[in-house]
Amino acid sequence: MTVAFFRTDEVSCKKKFLFHYTSAESFFKIIKAMELMPSSVAQLNDLNEANVHNLQINDWNLKILCQRYIKEHFYTISFSKGYEENPYSNGANHPALWAHYAESLNGVCIAIDEEKFIETNSDILSKTKYVIEDIEYCNINGTREEELTTHQDVETFINLNIKPLFFRKHKDWSHEDERRLLLFEKTKNLSIFNCVEYVILGSKFVTNDSKMNKLSDVISNSNNRCYKQFIPNSFAKVSYGERGYFNIEAQFLIRKQFEKLYKNHKELKLFIDWYSNEDIEIKKE
């Protein structure tokens, strides 16, 4: 499946999208393999997350054992949701995420079809327990005892209290509009092959000649897993307006970069010949 940005057919507009913000360096690693690597819960940037010391229970031994178990077993991949009904105009509208996770507009945002992502990784996910759910934002920094289902066995206690432990954050993080995949043990990297709908490039990414050259090299290299997954129409760039950030088509920028490299880039020539002759239907707004 070749990604084609601005497909606005009825089926596409009903899809649920996962938006993954990342740095340019991480993005190139991701698309070379077309995989996302789960991170240990111990690496989460909110000090309160999965921190059982903030749970209002009196059994300190249970707290310590739970904290250790969580750090050793649980992994996660974080995504953001969109704000609006139109799936093609909402993915970029997270200014804070561009600043924090995408190198202040030097990085990218990858738009992923959630249903395809889960289906593609069904073999891996069938071998472990997992939950994919929206984060709940609230005023308290922890969980009250009356909300918990108590149990003396550590693993059982954690499994009975997944939502307050892993899917609740302080309201100060609500701007992330996070949807989280939680894995109950370490797994292989998860594939995004044939799951990516489009890629939004940061406004500083597209003005960086080195990054644009590398993008051209990576997507035209037949040794990379992303080969023939992306064409110029697959890319948008982030811009800004009265209501925040939004996507605009970036295929002309990719084509311009191709023209600069074409003469001295054998693989790029072959790649351009391929997509120029392919019958790829691209519906535009």
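Student: At 37% relative accessibility, as what does E103 count?
Tutor: This is a predicted model, in which local features need pLDDT of at least 70, side-chain atom pairs count only at pLDDT 80 or more, and totals for chains, interfaces and linings use all residues. Buried means under 20% relative accessible area, exposed over 50%, and partly exposed in between, with a 1.4 Å probe and protein chains only. At 37% relative accessibility, E103 therefore counts as partly exposed.

Student: In which loop is E103 found?
Tutor: The phi of E103 is near 55°, a positive value in a residue other than glycine. Helices (H or I, at least four residues) and strands (E, at least two) are DSSP runs numbered from the N terminus. In these terms, E103 is found in the loop between α4 (95-100) and β5.

Student: Where is the place of M34, and as what does it count at 0% relative accessibility?
Tutor: M34 also has a phi near 55°, positive although the residue is not glycine, and it takes this value just after α2. Its place is in the loop between α2 and β2. At 0% relative accessibility, M34 counts as buried.

Student: How many residues does the protein have, and what percentage of them count as buried?
Tutor: The protein contains eleven helices and 13 strands. Among its contacts (heavy atoms within 4.5 Å) with a separation of 6 or more, those between residues 24 or more positions apart account for 79%. Of the 285 residues, the share that counts as buried is 51%.

Student: Why are the buried residues of α2 put on the same side of the helix, and which exposed residues does the face turned away carry?
Tutor: In helix α2 (residues 24-33), the buried residues are A24, F27, F28, I30 and I31. They cover an arc of only 165° around the axis, which puts them on the same side of α2; the arc is that of the directions from the helix axis to the C-beta atoms. What covers them includes β1 (17-22), β2 (35-36), β5 (108-113), β11 and α9 (209-220). The face turned away from this buried side carries the exposed residues E25 and K29.

Student: How are α2 and α9 oriented to each other?
Tutor: Two packed helices are described by the angle between their axes and the distance between the axes. For α2 and α9 the angle is about 10° and the axes are 10 Å apart, where axes are lines fitted to C-alpha atoms, for helices over the stretch in contact, and angles run from 0 to 180 degrees between N-to-C directions. Angles under 35 degrees count as roughly parallel, over 145 as roughly antiparallel, 65 to 115 as roughly perpendicular, and the rest as oblique. The helices α2 and α9 are therefore roughly parallel.

Student: How do the residues of the contact of α2 with α9 divide by class?
Tutor: On the α2 side, A24, F27, F28, I31 and K32 meet K211, K214, L215, V218 and I219 in α9. Ala, Val, Leu, Ile, Met, Phe, Trp, Tyr, Cys and Pro count as nonpolar, Asp, Glu, Lys and Arg as charged, and the others, Gly among them, as polar. The residues of this contact divide into seven nonpolar, no polar and three charged.

Student: How are α10 and α11 oriented to each other, and which residues of α11 does α10 meet?
Tutor: Helix α10 (residues 251-261) and helix α11 (residues 266-277) pack at an angle of about 135°, with their axes 10 Å apart. The two helices are therefore oblique to each other. In this contact, R255, F258 and L261 of α10 meet L268, F271, I272 and Y275.

Student: Against which elements do the buried residues of α10 pack?
Tutor: The buried residues of α10 are Q251, L253, I254, Q257, F258 and L261. Seen down the axis, they fall within an arc of 160°, so they line one face of the helix. Whereas the face turned away carries the exposed K256 and E259, the buried residues pack against β11, α9, β12 (235-241), β13 (244-249) and α11.

Student: How far apart in space are I200 and A250, C-alpha to C-alpha?
Tutor: I200 lies in strand β11 (residues 196-201), and at 0% relative accessibility it counts as buried. Not counting residues up to four places away in sequence, I200 touches G91, A92, W98, V108, C109, A236, K237, V238 and N247. I200 and A250 are 50 residues apart in sequence, and their C-alpha distance in space is 8.6 Å.

Definitions and conventions: Residues numbered from 1 in each chain as written. Heavy atoms only, no water.
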